[in-house]
Structures are given as C-alpha cells and as structure tokens.
Amino acid sequence: MAEGFPMLLAGFFAPVEIGTTPLSLLWMFPLLLSIAVVYKATRLRVLFWKQFVLEVLVLFLTLSGFMILAGVVLNLLVWLITS
Amino acid sequence: MPTKSNRPFDHTFWLFLVAVTAWAVPGGGHFLIGQRRHAYVFFAAIVFTFLIGLYIGSIGIVDPVGAKPWYLAQILTSPVVGWIGQIAQKGDYPVYGRPQDYGQIYTALAGLLNLLCILNAVYRAYSGIGETIGREEEHG
C-alpha cells in the first residue's frame with residue numbers, strides 16, 4: 001500500500017506499455033464513457049441520478065455498438081481489397 | 001447564489017466570470033450558477049479523462065512547442081495544463097508510439113469536452129436556467 005502511491009505518481013512520468021494488438025483498442029471504451037457522461041449532462045436540464053445513469057448507459061452502448069460496427073466494416077473492406 | 005435582479009455587477013461580467021471559472025476548474029461554471037450535480041459530474045469526467053491521458057502517455061505529451069495543435073486542445077481543460085507544459089519542457093520525459101497517440105487523444109478530448117461545458121455553463125447563465133432550478137435541483 002505504501003509503495004502504491006509513489007508507483008502511481010511515477011506512472012505519470014513514463015508512458016504505459018501499449019502493444020499493437022487488437023486488445024489495445026479497448027482503450028477507446030473509457031473515452032466513449034467520458035463522452036457519453038459529459039454529453040448527457042449537458043443535455044439534461046435537471047440532473048436526477050437514476051435517469052442520468054440510464055441515459056448515459058444507453059448512449060455509451062450506442063456509441064460502443066457503432067464503433068464496433070465501424071471496425072468490423074472497415075476490416076471487411078480491407079480484407080476484400082487485399083484478398 | 002446571485003440572481004439577475006440582486007446581482008451587484010453587470011450581466012456581461014457575470015457571463016465572463018462563469019466562462020473563466022468553467023475554464024479554470026472543469027464544472028466550476030455550473031457550480032457558480034447553482035447546478036451542483038452537473039458541476040460534480042463534469043469535474044469528475046473531465047479530470048479523470050485528462051489524468052488517464054497523462055498516465056498513458058506521461059506528462060511529456062503536453063508539449064506546447066512540438067505538438068502545438070494538440071496543446072491548443074489540451075489547454076482548454078484548465079490553465080493548470082500550461083503549468084504542466086512548463087514542467088514537461090524542463091524535464092526529459094519519454095514520449096513515443098501508441099502511448100503518445102492515446103495520451104494525446106485522451107487529454108485533447110478532455111479539453112474539447114471542457115469547451116462544451118464552458119459553452120453550456122455560459123448558455124445556462126445567459127438564459128437563467130441555473131437561477132430557476134438551482135435550489136430545486138439541490139433538493140431533488
């Protein structure tokens with residue numbers, strides 16, 4: 001525990017290792033969640049937690065679904081062009 | 001919270017104050033106009049996004065000289081980013097490859113999301129939305 005905080009702080013001074021694997025694409029999901037949270041908060045005039053969480057979840061899933069679909073379509077296009 | 005009628009200063013100055021506060025602290029503009037829940041959400045989302053970006057790419061990704069277009073978006077997060085940029089310029093922090101790309105995307109997007117929050121806070125202050133629902137929202 002005592003080593004945890006300095007280690008975390010040191011993380012800001014050296015880049016994290018991100019490989020060139022399909023798994024690295026998972027980094028887009030926190031970003032999509034952040035976009036969904038901020039966008040929904042700007043749209044709601046009054047913020048009720050339950051309704052807000054539900055709307056964020058729907059938007060996050062929509063964005064994620066669209067991004068996955070876009071990835072599949074682009075991969076198919078590349079496969080068709082190169083094969 | 002001051003309303004239009006009892007505010008001791010000009011409405012234009014009030015809008016300017018909301019904009020500057022929203023830029024200085026993400027969510028600060030909404031906090032000023034009484035929309036506390038919005039303020040907490042914006043602060044948490046934007047600061048968290050920016051910190052994830054810094055953690056992925058190291059503070060070297062805030063580069064006011066070598067990566068000016070990215071820096072212009074990053075500085076929208078808060079003036080604190082300028083201070084981080086100064087630190088990054090003095091030190092020799094490794095920045096490369098995918099972590100750099102991901103870090104720049106995260107931090108720049110945090111800035112652009114804060115721009116959205118600034119505009120939203122100014123619009124709400126201009127149209128008086130915070131004044132009419134501020135108290136109601138706190139108890140809701």
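**Close-up views of a predicted two-chain model**

**Figure 1. Ser58(B) lies in the loop that links helix H3 (36-57) to H4 in chain B.** The model shown in this and the following views is predicted. Ser58(B) is not a glycine, yet its phi is positive, near 75°. Most residues other than glycine have a negative phi. Ser58(B) counts as buried because 24 C-beta neighbours are found inside 10 Å, where 20 or more are needed.

**Figure 2. Helix H5 (residues 80-90) of chain B has buried residues along its length.** These are Val81(B), Ile84(B), Gly85(B) and Ala88(B). They lie on the same side of H5(B), because the arc they cover around the axis is only 105°. An α-helix has 3.6 residues a turn, so residues three or four places apart point the same way. The buried residues of H5(B) pack against helix H4 (68-74) of chain B.

**Figure 3. Exposed residues sit on the face of H5(B) turned away from its buried side.** Which exposed residues does this face carry? They are Trp83(B), Gln86(B) and Lys90(B).

**Figure 4. Chain B is built from helices, with 0 strands.** The helices of chain B number 7, and the pattern read along the sequence is α-α-α-α-α-α-α. Chain B has 140 residues, of which 46% count as buried.

**Figure 5. Chain A contains 3 helices and 0 strands.** From the N terminus on, its elements run α-α-α. Chain A is more spread out than a compact globule, because its radius of gyration is 18 Å, well over the 12 Å that the globule rule gives for 83 residues. The C-alpha trace of chain A spans about 50 × 40 × 15 Å along its principal axes. Of the 83 residues in chain A, 12% are buried.

Key:
Residues are numbered from 1 along each chain as its sequence is written. Chains are lettered from A and ligands numbered from 1 in the order in which they are written. This is a predicted model: local features need pLDDT of at least 70, side-chain atom pairs count only at pLDDT 80 or more; totals for chains, interfaces and linings use all residues. Helices (H or I, at least four residues) and strands (E, at least two) are DSSP runs, numbered from the N terminus. The arc is that of the directions from the helix axis to the C-beta atoms. Two residues are in contact if their C-beta atoms, placed from the backbone, lie within 7 Å. The radius of gyration is taken over C-alpha atoms; the globule rule is 2.2 Å times the number of residues to the power 0.38.
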